[in-house]
Amino acid sequence: MERNCADFKTGTFEFKYMLDGVEKTGTFTRTEDLNIDFYENRIDSASVRWINDCEFIQKKLNPKNQAEERAIHMKIISTSEDHYTFEYQLAVKMPYKKQRVEKGTATKLND
């Protein structure tokens, strides 16, 4: 399994996600220290702090509620020519709650 994470640290990406049983497509642009999401006619910004080439902590810049204040740990688990598969979970484990790990795939649109 290939893992060229450095190729995916920055750029513009597209990802698919489910919302109320309907598949949607969103895009995001990531620089060394910022992630800007574009989805559902919204723009959301988050700070990015890289732990290593394959893992970073993302935290919303303007959280609208307590849940959005929680940092997310993102980990690139595999890469191919133009996309990567990632896992994400809350960076800090919540007491008395099972840690949920979600998976996704992002496709790089440009450099």
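In this predicted model, the largest nonpolar core comprises 16 residues, and the members that touch the most others are Phe13, Phe28, Ile76, Tyr84 and Ala106. Four strands each supply at least two residues of this core: E1 (11-19), E4 (42-52), E6 (72-79) and E7 (83-90). The largest share comes from E1, which provides 3 residues. In soluble globular proteins, nonpolar side chains tend to be buried together.

The core may now be placed within the chain as a whole. The protein chain contains 8 strands and 0 helices, and its pattern along the sequence is accordingly written β-β-β-β-β-β-β-β. Of the contacts in the chain with a separation of 6 or more, 28% are made by residues 24 or more positions apart.

A covalent link accompanies these contacts. The count of disulfides is 1, and the bond in question joins Cys5 to Cys54, with an S to S distance of 1.9 Å. Distant parts of the chain are linked in this way: Cys5 lies in the segment before E1, whereas Cys54 lies in the loop between E4 and strand E5 (55-60), and the two are 49 residues apart. Because the torsion about the S-S bond of Cys5 and Cys54 is about 95°, the disulfide is right-handed. Are the two cysteines buried or exposed? Residues under 20% relative accessible area are classed as buried. Cys5 has a relative accessibility of 2% and therefore counts as buried; Cys54, with a relative accessible area of 10%, is buried as well.

The overall dimensions complete the description. Along its principal axes, the C-alpha trace of the protein chain spans about 40 × 30 × 30 Å. A compact globule of 111 residues would have a radius of gyration near 13 Å, and the value of 14 Å for the protein chain agrees with this expectation. Buried residues make up 33% of the 111 residues. The accessible surface of the protein chain comes to about 7500 Å², and carbon and sulfur atoms account for 49% of that surface.

Methods. Residues are numbered from 1 along each chain as its sequence is written. This is a predicted model: local features need pLDDT of at least 70, side-chain atom pairs count only at pLDDT 80 or more; totals for chains, interfaces and linings use all residues. Side-chain values use heavy atoms; hydrogens and water are left out. A nonpolar core is a set of buried Ala, Val, Leu, Ile, Met, Phe, Trp, Tyr and Cys residues joined through side-chain atoms within 4.5 Å. Buried means under 20% relative accessible area, exposed over 50%, partly exposed in between (1.4 Å probe, protein chains only). A disulfide is a pair of cysteine sulfur atoms within 2.5 Å. The radius of gyration is taken over C-alpha atoms; the globule rule is 2.2 Å times the number of residues to the power 0.38. Contact means heavy atoms within 4.5 Å. Accessible areas come from the Shrake-Rupley method with a 1.4 Å probe; for residues, only the protein chains shown count as cover.
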